[in-house]
Amino acid sequence: MTAKKDKTEKIETAEMIEMYKAVIKLFGKKGIKFTMDDIAHELKISKKTIYVSFKDKETLFIATVDYLFDSIKEEESSVAEDTTLTTVEKLEKLMGVMPDSYKDINFAELYVLKDKYPKIYKRVSKRLESGWEITIALLEKGMQEGTIRRVPIPVFKTMFEATLEHFFEQNVLVKNKISYGKALQNVIEILLYGVTTDSARNHEIENGKVLSA
């Protein structure tokens, strides 16, 4: 990945990106308990080198959150441009997109952030609530095609965001031994397809009992 500038004009060097990748890898192994010593050991560099770019673990983790979400947005663009997928298939894939190198991250452990690292938690929440342009465009396209029911998009968006934020706020996934990836897929399927079976829904439609949008 080439170096890039964010809104604060900060240049991300190749060395910084390697640090982000190390944070992601260590978080997958140790959760939030990894240390700057762990990062230095993982990259075979001195801690001083890390501190040249980041003043502390929290600052590095926040930058890593942005790097992770930026990578996800790049994947989303690729999904949206895939002409082999239907609009609904794009939506399903888009809402659960995760770069292959990040699929082993234990996102279920993010619930500890709210109390121990509120600034990091706030950044995660902010990124979850932004960057919906592609998803909204696909929802609108699906409604025009007739493949998506005409539902209020702000309600759809709020339901999705609130569910993910609840996962990060509470230890519900850890307590119930559910992986974040599995839980995310369940949420997407429920939002897109509902909780009734096809046969049950067809029966309700035949009897005029399905509420219109």
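Biologist: Is phenylalanine 61 buried or exposed?

Modeller: In this predicted model, phenylalanine 61 has 6% relative accessibility, so it counts as buried, since buried means under 20%.

Biologist: Then how should I read its ring contacts?

Modeller: A pair of aromatic rings is described by the distance of the centres and the angle of the planes. Take phenylalanine 34 and phenylalanine 61: their ring centres are 5.9 Å apart with the planes at 20°, so this pair is stacked. Phenylalanine 34 sits in the loop between H1 and helix H2 (36-43), while phenylalanine 61 belongs to helix H4, 27 residues apart. Phenylalanine 34 is buried too, at 2% relative accessible area.

Biologist: What lies over the face of phenylalanine 34?

Modeller: That's lysine 57, at 4.5 Å from the ring centre.

Biologist: And how many aromatic pairs are there?

Modeller: The count is five. One of them joins phenylalanine 27 and phenylalanine 61 edge-to-face, at 5.7 Å centre to centre and 85° between the planes. It ties helix H1 to helix H4, with the partners 34 residues apart. Phenylalanine 27, at 5% relative accessibility, also counts as buried. Elsewhere, ring pairs link Tyr20, Phe54 and Tyr67 into a cluster.

Methods. Residues are numbered from 1 along each chain as its sequence is written. This is a predicted model: local features need pLDDT of at least 70, side-chain atom pairs count only at pLDDT 80 or more; totals for chains, interfaces and linings use all residues. Side-chain values use heavy atoms; hydrogens and water are left out. Rings of Phe, Tyr and Trp (its six-membered ring) pair if their centres lie within 6.5 Å; planes under 30 degrees apart count as stacked, over 60 as edge-to-face and the rest as tilted. Helices (H or I, at least four residues) and strands (E, at least two) are DSSP runs, numbered from the N terminus. Buried means under 20% relative accessible area, exposed over 50%, partly exposed in between (1.4 Å probe, protein chains only). A charge sits over a ring if NZ of Lys or CZ of Arg is within 6 Å of the ring centre and within 35 degrees of the ring normal.
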